[in-house]
Structures are given as structure tokens and as C-alpha cells.
Amino acid sequence: MGKIRAAITGIHAWVPEYRLDNFELSRMVDTSDEWIMQRVGIRERRILRGEGLGTSDMADKAVMGLLEKTGTSPDEIEVLICATITPDMLFPATANIISDKAGIKNAFSFDLSAACSGFIFALHTGASFIETGRYKKIIIVGADKMSSITDYTDRTTCPLFGDAAAAVLLEPTTEELGVMDQILRVDGSGRKYLHMKAGGSVRPPSHETVDAKEHFIYQEGQTVFKFAVTSMADVAAEIMEKNNLKPDDIAYLVPHQANLRIIDATGRRMGLPPEKVMINIEKYGNTTAATIPLALWEYENRLRKGDNLILAAFGGGFTWGSLWLKWAYDPK
Ligand code: UT7
């Protein structure tokens with residue numbers, strides 16, 4: 001029998017209805033559609049509105065849709081991993097809340113915090129469970145309500161982020177399909193350039209931290225840009241070299257959607273023409289752990305069984321990585 005690999009056998013996503021476009025943003029802070037489109041490539045982002053709604057509410061909709069679409073009973077799911085940096089609360093894990101809301105009762109579940117690389121890290125983790133031969137159905141969710149940690153008076157960060165959730169079903173296969181290889185990295189010293197200052201055990205929430213606006217994303221954009229543009233392109237090119245994949249072998253690059261300039265640089269470094277790069281940043285902005293599965297979901301009908309995809313991300317931590325995925329099914 002061939003090696004057991006983990007194949008994505010279904011995908012679903014959910015985005016909030018409300019669209020915050022650049023024109024509305026330019027009435028909130030000193031910015032313009034022109035600046036945001038030229039420097040980042042975002043036209044609008046989705047925002048989850050409504051009292052008491054959090055990351056799990058978006059993720060639940062993505063998971064329920066995935067179960068329905070794949071004809072899977074919640075009882076069959078054995079593991080659910082939620083990649084997020086905007087959990088409903090510090091504890092319990094948002095994955096547990098999603099499992100409860102989706103009626104998943106026979107699984108264990110946990111959150112994985114790797115910011116924008118979260119989906120790739122979680123996909124590798126879930127695939128490793130499948131490869132042991134012990135697990136048959138695992139859900140990986142990437143979900144973030146970035147609007148909950150975005151300061152809408154800070155023009156350097158508020159145009160960048162949006163809210164979304166997307167989920168995939170992982171199942172074993174003995175065909176040459178699914179998660180083939182990955183290169184994952186972290187450098188914790190990069191935390192000083194991209195983090196949230198308060199709310200954790202070092203600086204628990206207080207009147208002082210709220211007044212100082214320390215519960216929002218802090219980012220030194222230019223520095224993060226320099227690390228992102230080299231690390232993401234390097235690791236995407238490296239996984240091609242390591243596996244002897246040429247540009248003609250690749251159907252799509254599936255990049256994290258933080259900045260169109262970073263995406264373009266990564267595609268160029270891999271020698272790919274623009275039509276082989278999945279892009280939806282214009283519509284959703286940076287939805288952190290959700291960007292990659294959201295792009296896969298939007299392109300699902302264009303994917304064919306056996307297509308070689310390179311997933312690549314860079315984000316807070318710093319975390320970064322690439323993953324070679326062979327798509328496992330034709331459009332249904
Ligand atoms: O996903 C997690 C990882 N994060 C990333 O990958 C993000 C990486 N960084 C970036 O994508 C970019 O650095 C940003 C989009 C955040 C910023 O773009 P930039 O081209 O690096 O701009 P900058 O910070 O160098 O700012 C250039 C100018 C500044 O004005 P001065 O000092 O030249 O007069 C900023 O004050 O643009 C100004 N600026 C803005 N102007 C209009 C900054 N934000 C805005 C804005 N609207 N929203």
C-alpha cells in the first residue's frame with residue numbers, strides 16, 4: 001500500500017455582508033482610495049457587525065457549510081484545528097466553541113496561533129495526524145475577526161485588515177495527492193515589529209492599557225514589508241527547488257493576501273505569470289488566517305485533480321512558510 005497522505009476533499013468559506021470600502025475609510029482617517037490601491041491593492045474589506053458576534057460565529061458558518069457540501073456528519077469529525085489570532089476569548093479555545101456550535105461531539109479540538117501563517121501551520125499539523133493512519137476526518141479552519149483588534153483611528157493599519165473564515169476537510173488518500181511537502185519557519189525576535197501590546201499575561205488589560213490603545217494591532221509596516229517580501233518569496237522558491245518543480249508544473253501560487261506588492265514579488269521570484277497567482281486582496285484585504293483558504297474556495301471551480309499548488313505566507317511572530325499541495329478533486 002502507498003504512503004498515506006492528507007488530501008483536501010472539500011472547502012467552504014463565509015464572509016460577513018458588510019463591505020467597508022476605501023471611500024468610507026477615507027471619511028474616518030486621512031487616507032484615499034488611490035493610496036490604498038497603489039500601496040496595498042485593497043478596495044474593500046468585510047466587517048462582522050453585530051453585538052456578541054465573534055470569530056467562532058464566522059467559523060461555524062464555514063464549517064457547517066463544509067459539512068453540508070461534503071455530506072459529512074458532525075459525528076464523523078475527529079479533530080478540528082482553528083488557526084486564529086482573534087479568538088472569541090483568551091480561553092477556552094475558539095476551536096472548542098466552533099465544535100459546540102457545529103454539533104461536533106466526537107472530536108478533540110484546539111487553536112493554533114501563527115498569525116498569517118496559521119492556516120499553513122494548521123494544515124501541516126492536521127496532515128501529520130492523518131499520515132499516522134489514526135485519523136480519517138479532520139477540519140482545519142482559518143478564521144479571524146481582525147476588526148476586533150484594529151484601531152479605526154490609525155491610518156497605517158486600519159485599511160489593511162478584514163474579517164473572514166474558511167474551512168477545509170482533510171481525509172486520507174494513498175494516491176499521490178494532498179499535502180506533499182512544506183517548509184515552515186518562525187523567528188520570535190520579529191515580535192517587536194508586529195504584535196498586540198496588552199491583553200496577555202505580561203500586560204493584562206487595565207484602564208491604562210485601554211487608554212493607551214494597546215489592545216490593537218501594532219505594526220512597523222516598512223520593516224515587516226522587507227521581511228515579508230524576502231521571506232515569502234525565498235520559501236516559495238525553496239520548496240520548488242527542493243521538489244524539482246518548474247514554473248510549468250505549478251497550476252497556482254496561493255499566497256497570503258497582505259499586500260499586492262508582496263504577492264507580485266513572490267510570483268515573479270517563482271517565475272510564474274500573473275494568471276497563475278491567486279489574488280482576492282482587493283475584495284477582502286488581509287483576513288490573517290483566512291486568506292489562503294478563502295482564495296482556494298474562490299478558485300475551487302478552476303482547480304483540477306492533480307494540480308500543483310504552492311501555498312505561501314508570512315506574518316506576525318514572525319512566522320512564515322510554504323506548502324506544496326496537490327489538489328485532490330475536479331470541480332463537482
Ligand atoms: O500580514 C501580516 C504581515 N504584514 C504585512 O505583510 C504588511 C507589510 N507592510 C506593508 O504592506 C506596507 O508597509 C504598508 C501597506 C503597511 C505601508 O505601505 P508603505 O509603502 O510601506 O508605506 P510607509 O509606511 O512607508 O508610508 C509611506 C507614506 C508615509 O508618509 P510620509 O512619511 O512619506 O509623508 C505614511 O505616513 O504613506 C503614509 N501613509 C498613508 N498615507 C495615506 C501611511 N498609511 C497611509 C494611508 N493613507 N492609509
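How many bridges pair E8 with strand E13 (residues 319-326), and in which sense do the two strands pair? The structure is a predicted model, in which local features need pLDDT of at least 70 and side-chain atom pairs count only at pLDDT 80 or more, while totals for chains, interfaces and linings use all residues. Residues are numbered from 1 along each chain as its sequence is written, and side-chain values use heavy atoms, with hydrogens and water left out.

E8 and E13 pair in the antiparallel sense over eight bridges. Strands (E, at least two residues) and helices (H or I, at least four residues) are DSSP runs numbered from the N terminus, and two strands are taken to pair if DSSP finds at least two bridges between them. Within this pairing, Ile183 stands opposite Ser322 in E13. Both strands belong to an open sheet of four strands in the order E8-E13-E12-E11, with mixed pairing. Strand E8 (178-186) and strand E11 (250-255) are the edge strands, each pairing on one side only. From one strand to the next, the twist averages 10°; for such angles, axes are lines fitted to C-alpha atoms, for helices over the stretch in contact, and angles run from 0 to 180 degrees between N-to-C directions.

Another open sheet consists of five strands in the order E1-E7-E6-E4-E5, and its pairing is also mixed. Strand E1 (5-14) and strand E5 (108-112) stand at the edges with a single partner strand each, so one side of each is left without a neighbour in the sheet. Neighbouring strands of this sheet are turned by 20° against each other on average, direction ignored. Strand E6 (residues 138-145) pairs with strand E7 (residues 163-173) in the antiparallel sense over eight bridges. The bridge partner of Val141 in E7 is Ala167.

The ligand is surrounded by 23 residues, of which Thr31, Arg39, Gln222, Asn259 and Asn286 are the closest; a residue is near a molecule or strand if one of its heavy atoms lies within 4 Å of it. Domain 1 (5-176) and domain 2 (180-326) both give residues to this shell, so the ligand lies between them. The domain bounds come from an automatic or database domain assignment. Helix H2 (33-39), helix H7 (221-242) and helix H8 (260-269) each supply at least two residues of the shell, and the largest share, five residues, comes from H7. By class, the shell divides into eleven nonpolar, eight polar and four charged residues. Here Ala, Val, Leu, Ile, Met, Phe, Trp, Tyr, Cys and Pro count as nonpolar, Asp, Glu, Lys and Arg as charged, and the others, Gly among them, as polar.

Some backbone features occur in loops. A cis peptide bond, with omega about 0°, joins Phe91 and Pro92; Pro92 is found in the loop between strand E4 (79-83) and helix H4 (94-102). The peptide bond from Gly317 to Phe318 is likewise cis, with omega near -10°, and Phe318 lies in the loop between strand E12 (308-315) and E13. Lys213, a residue other than glycine, has a positive phi near 55° and is found in the loop between helix H6 (207-211) and strand E10 (217-219).
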